[in-house]
Amino acid sequence: MHPVTRRAALTLAGAGALTALVPGTASAARPSADRFGDPFGLGVASGDPGPDGVVLWTRLAPEPGDPDGGMPPRQVDVGWEVADDERFTRVVQNGTALADPRDAHSVHVELTGLAPGREYFYRFRAGGHISPVARTRTAPAAGAAVSALTIGVASCANFGSGYFNAYRGLAADEPELVLHLGDYFYENEGSGVRDPGGSEPKDLDGYRIRHAHQRTDPDLQAAHAVAPWVVVWDDHELVNDWAGGDGEVSASRRKAAFRAYWEHMPLRRRSIPRGTELQLYRRIGWGSLATFHMLDTRQYRTSGGSITGDRQEDWLIDGFRDSRAGWDVLGQQVFFAPRSGGGKSQSWDDHPESRERVMQGWVDAGVRNAVVLTGDEHVHHANDLPLDPDDPTGDIVGTELVTTSVTSGGDGEDDSGDGGDENPHIRFRADRRGYLLATFTPAELRADFRTVDTVKSEDSGVSTAGSFAVADREPGLQEI
Ligand code: FE
Ligand code: CA
């Protein structure tokens, strides 16, 4: 169709206006670029906030089950707006992005020029349709005083294993920032509660379908709409237990999974995959209050050797040295604390020298407060981090908060407790599905381990299984 018509179409006000004006053509097997169904069924998202902007994301996909999302094989204009208020009476920026079929019609709008430490609202338009409205925010200016920050932390959302009641609870708690620590979706089918969204993905089409299926979930969409997310992956975004150079994953599968991950996450351009690599480790600063060091413990690990790879480790330890933050927070995948017996494999216990260098890095840099946030384990944990793993009640130099899974593993049991005599530094564990809320202030860190009653139905209460605090400059968890 003529491009003038398309531009004219974008000026039409209101959702659905275009479809009403263009008569159907019986011969067309697929809609033209100017005429497609509501393309916003995957919702919208934002991510990686900085002091002057944030990334806005959406993907046009009127047919989420199709590899191309049901979009025509050409570029489509996507209008975006950012406003001070939810009703868009004070629009502060707007523009147009191109959704390209080579990116599965995803858009990643990297905003600049916004004010630091502020809440904003955003929405998109395409093909006469308008997206849901979502909230985001910019980070406070570097070094700025911040009185408090509440984050939501989640991991391990197997669609087939249950309903995302944890994401609905997280959205209702309205954190200002969400950290997702991996297993955003699963390549496997889960435990049969819900349709996992097709067979196991192994190529680009397969991964696109799996991501799109995940994104159709309304509770996940609500969690994305409440705050910007900072995401890192674990293993299931590619395949169970893959690990850097040691995995037996083909280059083509790895490329496909990485490509689809980039397409579906609110990441900055620096994370566009190059061949079989995707740059994911990065820092997010939150004024003088906190620095989030987001790690990739999958892509560079070697069996029995480093879990981060040398380059990432140097970057991390340099970051501790440069940090002036009240709280230096690692956002990462697998269980960090030493542990005798039980628990998942492929953790930092398999890479003790890496762990020792990170913890010594805290001590040498004199970080004010060291915190590790962890996913993967599928069980909530609160751990004191001893400098010497052989002396777990000795010198405590940090805190680990492990969030349980959103659904993986099913409902679990009312089996909360601690690490017992063998693991006195494991202060708390709770085997239910849920998420973690963590509130940082200059004086303390507070952690609330949130759990859902069930993942087997959409109806579920949310409660708090345990709460802990850590005082500024006094490592060691205190039960509240
Ligand atoms: Fe998991
Ligand atoms: Ca995992």
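Biologist: What share of the residues of the protein chain counts as buried, and what makes a residue buried here?

Modeller: In this predicted model, 59% of the 480 residues count as buried, a label that requires under 20% relative accessible area. The chain exposes about 18100 Å², of which carbon and sulfur atoms supply 46%.

Biologist: How do you know whether the radius of gyration agrees with that of a compact globule?

Modeller: The rule for a compact globule of 480 residues gives a value near 23 Å, and because the protein chain has 22 Å, the two agree. Along the principal axes, the C-alpha atoms fill a box of roughly 75 × 45 × 45 Å.

Biologist: Why is R215 said to have no salt bridge?

Modeller: A salt bridge needs a side-chain nitrogen of Lys or Arg within 4 Å of a carboxyl oxygen of Asp or Glu. For R215, which is buried, the nearest side chain of opposite charge is D217, 9.7 Å away, and because the cut-off is 4 Å, no salt bridge is assigned to R215.

Biologist: Which residues is R215 in contact with, leaving aside its neighbours within four places in sequence?

Modeller: R215, which lies in helix 4 (residues 204-215), is in contact with G41, L42, A45, W57, Y184, L220, Q221, H224, H264, M265 and P266, where contact means heavy atoms within 4.5 Å.

Biologist: How many positive and negative side chains does the protein chain have?

Modeller: There are 48 positive and 72 negative side chains, with the centres of the two sets 8 Å apart.

Note on methods: Residues numbered from 1 in each chain as written. Chains lettered and ligands numbered in written order. Predicted model: local features only at pLDDT ≥ 70, side-chain atom pairs only at ≥ 80, totals over all residues. Heavy atoms only, no water. Rg over C-alpha atoms; globule rule 2.2 N^0.38 Å. Buried < 20%, exposed > 50% of the residue type's maximum accessible area, 1.4 Å probe, protein only. Areas by Shrake-Rupley, 256 points an atom, 1.4 Å probe, with all protein chains shown as cover. Lys, Arg positive; Asp, Glu negative; His and termini not counted. Charge placed at Lys NZ, Arg CZ, Asp CG, Glu CD. Helix = DSSP H or I, 4+ residues; strand = E, 2+ residues; numbered from the N terminus.
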